[in-house]
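Me: I have a structure open and want to go through its inside with you. Can we start with the packing and then move on to the open spaces and the backbone?

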Amino acid sequence: MNLIKSLTRMLAPAKAAGVFALFAASALAQNAMPVIQISADKVVAKMPPTFYGLMTEEINYAYEGGLYGELIRNRAFKADAIQQPIKPEDYDPAKYYPVKLPHGSAPKFWSTVGAAKISLDTNTPLNTALNVSLKLDVSGASKNSPAGIANGGYWGIPVKPNTTYHASFFAKGKHFNGALTVSLESADGKKVYSQAVISGVSGDWEKFETTLTTGSDLTPSKENRLVISTTKNGTFFNHHGTIWLQQVSLMPPTFKDRPNGNRTDIAQLLDDAHPKFLRFPGGNYVEGDYFNERFNWKETVGPVEQRPGHRSCWGYWSTDGFGLPEYLGWCQDHGMEPVLAVFAGYCLKHDVIPAGPKLEPYVQEALEEIEYVTGDASTKWGAQRVKDGYPNPFKLRYVEIGNEDWFDRSGAYDARFAQFFDAIKAKYPQLKIISTVGYEHPEAQQVHSRTPDLVDEHYYRSEEEMEAQSFVYDARDRSNPTKIFVGEWATRVGSPTPNMAGALGDAAWMCCMERNADIVHMHCYAPLFVNVSDLGTGRSMQWKSDLIGYDALNSYGSPSYYAQKIFSEHQGDEVITVSAQNLPTYTWIQNNRTRNGQVQPPRTNEVKSLFYSATRDSASGKIIVKIVNRADAAQEANVEINGVNSIAAEGTATVLKADNRDATNAINDPKHVVPDTEKVTGLGTSFSRSYPPCSITILELSTK
Ligand code: AHR
């Protein structure tokens with residue numbers, strides 16, 4: 001795995017940098033009442049309609065073992081495959097490099113049933129892409145003791161009542177003409193929830209499909225398995241009845257019934273938060289550790305059984321069943337706009353192709369990818385998208401060139417960016433191009449010989465760091481024509497998912513981004529997902545503090561998720577002028593900070609503990625005020641509003657709060673911290689209110 005990035009980031013960045021927070025005191029710096037002043041008639045900016053979105057990549061079993069409906073783990077038998085790193089100079093981007101297997105490796109995540117014997121076989125490929133098959137010797141099968149294979153999914157297979165699952169696989173046989181039983185059953189085999197019989201396995205590869213429907217009388221569970229077995233041991237006495245299997249799949253009902261689609265409960269959580277765009281496919285995942293491990297989009301389109309898959313930089317195999325068409329399908333599911341990150345000739349292990357003719361194939365790849373997303377059926381790649389099930393071109397406005405290219409210290413990014421920028425603008429002048437070198441890393445080279453439309457800035461912070469920087473954009477230079485896309489950010493407190501402290505840091509930061517929506521055009525939290533089944537680093541979680549957690553059966557939103565949800569639901573369409581006086585502060589002492597390799601002396605910071613933003617819904621005139629009290633004590637504050645005739649005495653408050661900052665949600669306690677909406681009275685053009693400890697309050701005020 002990419003050492004500099006992932007090791008450093010595996011820990012909270014604050015800790016990785018040797019930063020430890022100490023609270024000398026949670027003191028109010030001023031005794032005077034905090035005042036938040038709003039000029040309702042002074043519009044700072046139109047709120048960008050795509051302000052809030054999602055960032056995603058295959059990390060923490062985000063798709064396979066997460067959002068992607070597929071329930072079978074290692075369905076294409078390549079989990080152990082070895083993809084030898086290839087240096088960029090030796091690598092032909094148009095060529096497919098088949099994987100090899102470690103000698104004698106067993107089919108990972110598969111087990112035998114009865115007297116079956118299984119092995120991996122590269123001599124009987126389904127096709128060039130799926131060149132590793134599972135060889136099943138059923139010669140020990142008998143009427144009373146079936147032989148077969150079993151798969152327990154990604155830490156379980158969810159079984160729910162009255163549900164129809166779609167099972168499919170490719171099979172061919174030798175000395176075998178019996179029937180196969182496909183069975184959805186409990187892990188110990190004692191309960192069979194549904195079964196189907198498949199016959200007709202021949203000497204040629206063929207696809208077999210069936211449905212498995214569960215009854216009403218069962219409790220949802222995940223300790224289950226899919227079994228394919230037979231009672232026939234083969235036709236000839238001295239020959240072993242053998243079956244080869246490939247692409248063994250079990251799909252539950254998917255969100256909006258989209259074929260090869262998404263798991264319903266997780267998709268519903270996303271839908272409930274109304275995201276407006278999807279940044280994909282990374283993140284590090286777009287880069288890969290090496291050139292032959294990048295997100296090679298052309299190998300992720302077409303029928304799933306023709307996608308070779310690849311090793312993800314997050315340490316596990318990806319079948320690419322969740323490929324470019326599925327990202328688009330995901331956008332379609334929630335009405336999100338794609339924000340497409342293209343591979344830009346730089347990998348996580350620092351291999352790079354500088355600008356010039358050798359980079360050109362990758363530039364062409366990006367142009368073709370844009371054609372796949374936006375082209376009509378008369379274009380080569382638009383036609384492929386239509387074939388893949390998406391007849392209508394997608395609206396695309398943003399293309400990002402690479403990911404975190406400030407890590408490329410070879411100095412090649414400016415020229416690489418320019419080569420992509422020129423080619424994309426020449427063919428698609430309407431597209432806005434995002435550079436991945438922002439201004440959040442003063443040490444990074446920030447030369448841009450082409451003016452990016454946006455720069456992507458990433459912020460992973462502790463709560464104190466996030467709060468301390470929550471006025472940073474108010475001071476940004478407005479003369480810079482380049483706008484900001486905060487393409488990854490998170491307050492990293494809590495594992496696997498953030499706790500209330502995380503939500504407070506997040507809300508302070510979102511207030512900052514909202515107040516500054518004239519320059520911050522879009523933002524998305526990262527990472528989005530974590531499978532919480534096996535929390536050892538490198539198992540189901542590679543990165544802690546993730547927005548949404550799940551196991552095979554259930555899912556939940558973290559307090560940070562609910563903070564985003566209520567912000568997104570109360571966005572308004574205009575940012576109005578807001579300022580504050582007498583904001584309380586707390587003292588934060590940073591010890592042992594390391595910066596540019598130098599240990600810095602401890603530093604005492606006075607950090608604000610009350611945060612705010614104000615927006616308006618122009619149609620109704622409603623004013624939306626967000627107030628975050630991160631302190632452990634209630635805080636009184638005045639709100640003064642001018643530029644309106646009057647404010648109704650009654651309004652509503654949506655409040656996310658917790659008894660303490662460690663409070664959190666978890667797979668077994670999914671709704672511990674959730675927002676509440678209440679009627680409030682006593683409002684007006686000037687009113688005071690007490691904000692509870694550790695709380696995020698969104699006031700909706702009706703104007704007259
Ligand atoms: O969000 C996790 C990782 O953090 C992303 O893949 C990468 O862009 C960043 O370093």
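This is a predicted model: local features need pLDDT of at least 70, side-chain atom pairs count only at pLDDT 80 or more; totals for chains, interfaces and linings use all residues.

Me: Fine. Leaving aside neighbours within four places in sequence, which residues is Phe420 in contact with?
Reply: Phe420 is in contact with Val342, Phe343, Ala344, Leu359, Tyr362, Val363, Ala366 and Ile401, once neighbours within four places in sequence are left aside.

Me: And which members of the largest nonpolar core touch the most other members?
Reply: Trp330, Ile401, Phe420, Tyr473, Phe529 and Ile696 do, in a core of 127 residues. Helix α11 (residues 500-515) gives the largest share of this core, with 10 residues.

Me: What other core lies apart from it?
Reply: Another core, of 39 residues, lies apart from the largest one; its members include Ile157, Val159, Tyr165 and Phe176.

Me: Back to Trp330. Which residues of α6 are buried?
Reply: Leu324, Pro325, Glu326, Tyr327, Leu328, Gly329, Trp330, Cys331, Asp333 and His334. With 10 of the 11 residues of helix α6 (residues 324-334) buried, the helix is largely enclosed by the rest of the structure.

Me: What follows α6?
Reply: Gly335, with a positive phi near 65°.

Me: How many residues of helix α12 are buried?
Reply: 10 of the 11 residues in α12 (residues 559-569) are buried, and the helix is mostly covered. Among the buried ones are Lys565, Gln564, Tyr561 and Tyr562.

Me: Now the spaces. How many cavities of 30 Å³ or more are there?
Reply: A search of the whole structure finds 5. The largest cavity holds about 160 Å³ of space. It is lined by 19 residues, and the closest to its centre are Gln83, Asn292, Asn296, Glu299 and His310.

Me: What is the lining of that largest cavity made of?
Reply: The lining of the largest cavity has 8 nonpolar, 6 polar and 5 charged residues. Domain 3 (52-69 + 278-569) and domain 4 (88-251) each supply at least three residues to it.

Me: How much space is in the second largest pocket?
Reply: About 410 Å³. Of the 25 residues that line the second largest pocket, Tyr61, Arg73, Phe109, Tyr316 and Trp317 are the closest to its centre. The lining divides into 12 nonpolar, 4 polar and 9 charged residues.

Me: Which domains does that pocket's lining draw at least three residues from?
Reply: For the second largest pocket, they are domain 3 (52-69 + 278-569) and domain 4 (88-251).

Me: Changing topic to the backbone. Which residues does a cis peptide bond with omega of about 10° join?
Reply: Gly282 and Gly283. Gly283 sits in the loop between β14 (277-280) and α5 (284-287). The peptide bond from Ser495 to Pro496 is also cis, with omega near 0°, and Pro496 is in the loop between β21 (483-491) and α11.

Me: Why flag those, or a positive phi?
Reply: Because most peptide bonds are trans, and most residues other than glycine have a negative phi.

Me: What is the phi of Phe77?
Reply: Phe77 has a positive phi of about 65°, though it is not a glycine. Phe77 is in the loop between α3 (63-67) and β4 (110-113).

Me: And the phi of His350?
Reply: His350 has a positive phi of about 80° and is not a glycine either. The residue is in the loop between β17 (337-342) and α7 (360-374).

Me: Is Phe77 buried or exposed?
Reply: Phe77 is buried, because its relative accessible area is 1%, under the 20% cut-off. His350 is partly exposed, with a relative accessible area of 36%.

Key: Residues are numbered from 1 along each chain as its sequence is written. Side-chain values use heavy atoms; hydrogens and water are left out. On a 1 Å grid over the protein atoms alone, a cavity is a set of points where a 1.4 Å probe fits but cannot get out, and a pocket is an open set with protein on both sides within 12 Å along at least five of seven lines; lining residues have an atom within 4 Å of a point. Grid points are joined across faces, edges and corners, and a volume is the space filled by probe spheres set on the points. Ala, Val, Leu, Ile, Met, Phe, Trp, Tyr, Cys and Pro count as nonpolar, Asp, Glu, Lys and Arg as charged, and the others, Gly among them, as polar. Domain bounds come from an automatic or database domain assignment. A nonpolar core is a set of buried Ala, Val, Leu, Ile, Met, Phe, Trp, Tyr and Cys residues joined through side-chain atoms within 4.5 Å. Buried means under 20% relative accessible area, exposed over 50%, partly exposed in between (1.4 Å probe, protein chains only). Helices (H or I, at least four residues) and strands (E, at least two) are DSSP runs, numbered from the N terminus. Contact means heavy atoms within 4.5 Å.
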